[in-house]
Amino acid sequence: MAIPPRTTTPGIYRQYGQQNPVQRVGPNVTDDYERWYTEATPSNRMVLSIRSGINSEIAWALDRLYRLCANDQFILKTIPGLTDALFEWPEWYATEGYLVAEQHRLFAMPDAEHRKRRHALESIFILRNSATNEPNAYELANHSRTLPLLFNALTNLAPDTDMNAEFVLNAIELLQAISQGVILPDPTSNEKDPLPTLLQIAGHSSNRSLIVSALTLLAQLFSNIQNTRRLDSNSPALAASIRYLPLFVDRALVDASLNYLYAHLSHPPMVKAFLHHPLMPSTLRVLVSFLLSEQVEETVNLDISAASRAIPATTVVVPVHDLTKEELETLVPMPEPQRCYEWMKIMFVATPDGELTQVDFWTLYKDAFTPFADRHPVLVASGPQAMVLPGPPQRFIVRGVDRCKNTEAAPRFKCLWERFQCPAPPLYDHLLQHLESSENPEPPCLWATCSLPSTSKQRLRPHLLTHLSSSQPPAKHPSQDDTITVTADGESYPFTDPTKRRPPPLRQTNISYTRPVADPPSAALTALLIIRILFRSSFVATTDTAPRVDGDHFGFPGVVEDDEGDDVVEDIGGELEGERRGRRAFVGVRRMMEDVRMKDETLMSWMVEMVYAAYDGLFRS
């Protein structure tokens, strides 16, 4: 039976006019869009592509792994065969490919070898990035092909060439990630030994990245006690660490140098040998300088001023009011008690805090009107209430009144001759007239209360100048204030006897000091530990002699010593001389260590102990 011909187009082959417009979709770049690349199956596309031998497929797979290897969720062992596939190209380059690269230093490599070298660089880079994740680092540390690959790379490849620098750098950083359990081979064996290459890089390379990586790896390797047998007191890495230590601005290089110094000096024989190193004193000085550069301090101002009060340096004394001649002529004829009332209005004012003793009150009244008592009788003043203040002696006071003060200040230039009686201004010529009018050849000074005894007129003339006020106020020092500081509970000003007043406190007493804000960073702590190691080796005796029997010691029980000579401590291996050199080095930096401040009390106690020991070392060194 013949098959009838189709009269219509099948549904899957629609005509052009019936097709729906197709919307072009862009690449998917959302998170986790490459999940299917990491399927945990032996037929994983990336593993198959790496093993295919097709350059385009290998490049595609390595490009995908570039994106995945830095992710914390990327685990090598979850993809069977991936780790072994990544080892193939680096192993080829570390054993054979580097020879081809050395033959083409001046010209480009052949395309086939160039692609293989590129695959090797990308593969070891992926392994290096993967090792930053702890599960991958554990996987690579226990893999049988990891150490042979890295040891071959660090043994066969010349690190000073541009063709090998990137591969060697990745190999060193991969070895850093798994260095915890790495044991260096014995130098007498025929095994591959990466230590000479690492020492050469640290001591002689001009590539900063390689130097930092090599010093960091060496510090990690020598932190393992089983590798300390390979330490050398004349190591190129030690010289490089000392050489790069003053470069404080390059933190990565300084951190690597400090870490290696700490690992190197943590071994007792190495620190004893370092005490004899010619650069040991300068290294100690650089370490202390690094501590000073890393400390962060703040300035604290503390006010410890005592209670005080300030009074004006110049005061205007307002004199109390005395009866003028006109007021006295008006009051005397008045009958009592009106005269007493008017007198009190003139002489006193009402003041709530004022007080006046009855004796003073009566004396003022009596002195004013007693000369006229024969014509106008005198009465006892009365009015304000009298009070008795207890205490020896008792005082009878009139509270609520005070002496009236003159509202106008006393003229500055007033003659006080004849005991305040002269009304003329104190011109010098006027005073000379007083002096010349005196018939006494040796008159006394009659200025106010002046107590100068009688003297000749010739000597009295310059003395009169001491009573004349200056037309200009005396000049003051720029730092002199306009007030005077006195104690808060002291007597009032002006003082009765200024020579006996208590010394006043300073007006403002501030203490300014600096204190650390935070604990030192990790690099500074490493430097402190190195200083501490040098200190313990310099000031703690390493050659302990056996106790002897003498007046101050008991010795070992049952041991009898016949040596009656002087005790002589033998300097074994120059250890005592090394300790003396260490003490002298600490004496030289004691002033710098005094400026180190640390917030942690324990760390600060270390610095205090070393400073005190450095001062004691002045006599021991």
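Analyst: Contact here means heavy atoms within 4.5 Å. On that criterion, and leaving aside neighbours within four places in sequence, serine 123 is in contact with Leu62, Leu86, Trp89 and Pro90. The model is a predicted one.

User: What makes the approach of serine 123 to the backbone oxygen of histidine 119 a polar contact?

Analyst: The criterion is a pair of N or O atoms within 3.5 Å, of which one must be able to donate a hydrogen and the other to accept it. The side chain of serine 123 reaches the backbone oxygen of histidine 119 at 2.8 Å.

User: How much confidence does the predictor attach to the protein chain?

Analyst: The average pLDDT of the protein chain is 80, and 78% of the residues score at least 70. Over residues 24–32 the pLDDT stays under 50, and the model has one contact beyond four places in sequence for them. Where pLDDT is low, the predicted coordinates should not be read in detail.

User: What is the overall make-up of the protein chain?

Analyst: The secondary structure comes to 23 helices and seven strands. Of the 621 residues, 37% count as buried. Among contacts between residues at least 6 apart in sequence, 70% join residues at least 24 apart.

User: What makes the pairing of arginine 128 and glutamate 173 a salt bridge?

Analyst: The criterion is a side-chain nitrogen of Lys or Arg within 4 Å of a carboxyl oxygen of Asp or Glu. In this pair the closest N and O atoms are 2.6 Å apart, and arginine 128 forms a salt bridge with glutamate 173. Arginine 128 lies in helix H4 and glutamate 173 in helix H7 (residues 162–177), so the pair ties together parts 45 residues apart in sequence. At 26% relative accessibility, arginine 128 counts as partly exposed.

User: Which parts does the salt bridge of arginine 230 with aspartate 193 tie together?

Analyst: The closest N and O atoms of arginine 230 and aspartate 193 are 2.7 Å apart. Arginine 230 lies in the loop between H9 and H10, and aspartate 193 in the loop between H7 and H8, so the pair ties together parts that are 37 residues apart in sequence. Arginine 230 and aspartate 193 are both buried.

User: Why are glutamate 436 and arginine 461 called partly exposed?

Analyst: The label covers values between the limits of under 20% for buried and over 50% for exposed. Glutamate 436 has a relative accessible area of 46%, so it is partly exposed. Arginine 461, at 29% relative accessibility, likewise counts as partly exposed. A salt bridge of 2.7 Å, N to O, joins their side chains.

User: How do you know that asparagine 301 is exposed, and what does its side chain meet?

Analyst: Exposed means over 50% relative accessible area. Asparagine 301 has 57% relative accessibility and therefore counts as exposed. The residue is placed in strand S1, residues 297–303. The side chains of asparagine 301 and serine 512 are joined by a polar contact of 2.6 Å.

User: Which residues form the nonpolar patch on the surface?

Analyst: The patch consists of Leu302, Ile304, Ile511 and Tyr513, with about 340 Å² of accessible area together. Membership requires over 30% relative accessible area. Tyrosine 513 has a value of 37% and is partly exposed; its place is in strand S7, residues 510–516.

Key. Residues are numbered from 1 along each chain as its sequence is written. Side-chain values use heavy atoms; hydrogens and water are left out. pLDDT is the predictor's confidence in each residue, from 0 to 100. Patches are made of residues with over 30% relative accessible area and no salt bridge: like charges are joined within 9 Å, nonpolar side chains (Val, Leu, Ile, Met, Phe, Trp, Tyr) within 5 Å. Accessible areas come from the Shrake-Rupley method with a 1.4 Å probe; for residues, only the protein chains shown count as cover. Helices (H or I, at least four residues) and strands (E, at least two) are DSSP runs, numbered from the N terminus. Buried means under 20% relative accessible area, exposed over 50%, partly exposed in between (1.4 Å probe, protein chains only).
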